[in-house]
Amino acid sequence: MRVAFVGKGGSGKTTMSALFARYVASQGGPVVAVDADINQHLALVLGVEEPPEPLGSRLTEIKELLRGDNPRILSAQAMVKTTPPGRGSRLLSFKDLATSEFAVTTSEGMRLMVTGPFSADDLGVACYHSKVGAVELLLNHLVDGPGEYVVVDMTAGADSFASGLFTRFDLTFLVAEPTRQGVSVYRQYRDYAADHDVPLAVIGNKVHGQSDVDFLHDQVGDDLLTWMDHSSAVRAMEQGRRFALDDLEPANTDALAMLLKHLDAQTKDWVRFGRQAEEFHLRNARSWANAKTGLDLADQIDPEFVYGGCPTT
Ligand SMILES: Nc1ncnc2c1ncn2[C@@H]1O[C@H](COP(=O)(O)OP(=O)(O)OP(=O)(O)O)[C@@H](O)[C@H]1O
Ligand SMILES: [Mg+2]
């Protein structure tokens, strides 16, 4: 199952992604954590000193791997971030992803991948979306199942709508602080998610008491799944103290358990994944990718391909 953490800048996406990934690992679940933000921070919060080589810097290699011998994709250059798999493409199992050379192992045994920072070299050459494109391509080719967890820390705000990336998850957690600004991204995301049939749950964060909880209930209603209190353990970690999950306040650990329960309760919807892979690919083809590649990228859609191999009809 794939889960994304989204929300306003500074709301706690990275903190929550890291805590959730740690919690899942502590429960025995295999985890691949992915930093899909160009402001790379997840490795630090997970205590990884040597982050892996960024996916964004090996995009061509990733494309070569994924296109396999799909006759509809003749070169890595013809492959864009939304190019969907077809017959002949290299599909990835969760194990393939977890054991890939693009990941490193954290001290808690999970695997970490990173998109890569936005560097001066990117200016005028490629926008950062092409870096995040590596994550989209991997998720587009991933055939995962229950009990396997891909946890993705996303870019701030509504940036992820620029591509189809936000549709590649079984569940999206929107992290919101109990302030007007904090819930503003929620409204944008809610409308977009509803239009695209994307399951969404709100996690309140840095909550300071009942009035904060009341505010969140009032603003978010039934979309509020749970909340994390402002945590001294998280603050101490930010101050450089060593952190273990046991240091977390029990109420916050309960919140993490709630997140996992909710994720496990989701049903994989390969039919939606397939429909949206096609929809966003056609949309990107028309708006920029046909012009960029000089090809009609609609031809890359293989009508005979069954997404995920096991449609839920
Ligand atoms: N529950 C919490 N208790 C205490 N501090 C928290 C909590 N959640 C997040 N923080 C702190 O808030 C700050 C922002 O958190 P974080 O970096 O996770 O946000 P983000 O949404 O990933 O930000 P960005 O948009 O910059 O990527 C950090 O200093 C973090 O330690
Ligand atoms: Mg962050």
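This is a predicted model: local features need pLDDT of at least 70, side-chain atom pairs count only at pLDDT 80 or more; totals for chains, interfaces and linings use all residues.
Biologist: How far apart in space are Ser 211 and Arg 180, C-alpha to C-alpha?

Modeller: In sequence, Ser 211 and Arg 180 are 31 residues apart. From C-alpha to C-alpha, the separation in space is 13 Å.

Biologist: What is the handedness of the crossover from E8 through H6 to E9?

Modeller: E8 and E9 pair in the parallel sense, over 5 bridges. Within this pair, Phe 173 stands opposite Ala 201 in E9. The chain goes from E8 through H6 to E9 as a β-α-β crossover, and this crossover is right-handed.

Biologist: Which residue of E8 stands opposite Phe 5?

Modeller: E1 and E8 run parallel and are joined by 5 bridges. The residue opposite Phe 5 is Phe 173.

Biologist: How many of the 6 residues of E8 are buried?

Modeller: A residue counts as buried if 20 or more other C-beta atoms lie within 10 Å of its own. E8 is largely enclosed by the rest of the structure, because the number of its 6 residues that are buried is 5.

Biologist: What is the strand order of the open sheet?

Modeller: The sheet has 8 strands with mixed pairing. Strand E4 (104–105) and strand E10 (224–229) each pair on one side only, as edge strands. The order is E4-E5-E2-E7-E1-E8-E9-E10.

Biologist: Which residue in E7 stands opposite Asp 35?

Modeller: Strand E2 (residues 31–35) pairs with strand E7 (residues 149–153) in the parallel sense, over 5 bridges. Opposite Asp 35 stands Asp 153.

Biologist: At what angle does helix H9 run to E10?

Modeller: Helix H9 covers residues 250–264 and lies across E1, E8, E9 and E10. E10 is one of the edge strands of the sheet. The angle between H9 and E10 is about 150°.

Biologist: Is Lys 206 buried or exposed?

Modeller: Lys 206 lies in strand E9, and its phi is positive, about 60°, although Lys 206 is not a glycine. Within 10 Å there are 21 other C-beta atoms, so Lys 206 is buried.

Biologist: And Asp 197, is that residue buried or exposed?

Modeller: Asp 197 is placed in the loop between H6 and E9. Its phi is near 60°, a positive value in a residue other than glycine. With 11 other C-beta atoms within 10 Å, Asp 197 is exposed.

Biologist: Which residues come nearest to ligand 1?

Modeller: There are 20 residues around ligand 1. The elements that give two or more residues to this shell are helix H1 (13–26), E9 and helix H8 (232–238). The residues that come nearest are Gly 9, Gly 12, Lys 13, Thr 14 and Thr 15.

Biologist: How many residues in the shell around ligand 1 are charged?

Modeller: By class, the shell has 3 nonpolar and 12 polar residues. The number of charged residues in it is 5.

Definitions and conventions:
Residues are numbered from 1 along each chain as its sequence is written. Chains are lettered from A and ligands numbered from 1 in the order in which they are written. Two strands pair if DSSP finds at least two bridges between them. Helices (H or I, at least four residues) and strands (E, at least two) are DSSP runs, numbered from the N terminus. Two residues are in contact if their C-beta atoms, placed from the backbone, lie within 7 Å. Axes are lines fitted to C-alpha atoms, for helices over the stretch in contact, and angles run from 0 to 180 degrees between N-to-C directions. A residue is near a molecule or strand if its C-beta atom, placed from the backbone, lies within 6 Å of it. Ala, Val, Leu, Ile, Met, Phe, Trp, Tyr, Cys and Pro count as nonpolar, Asp, Glu, Lys and Arg as charged, and the others, Gly among them, as polar. A residue is buried if 20 or more other C-beta atoms lie within 10 Å of its own, exposed if 12 or fewer, and partly exposed in between; C-beta atoms are placed from the backbone. A crossover is right-handed if, with the strands pointing away from the viewer, the path from the first strand over the helix to the second runs clockwise.
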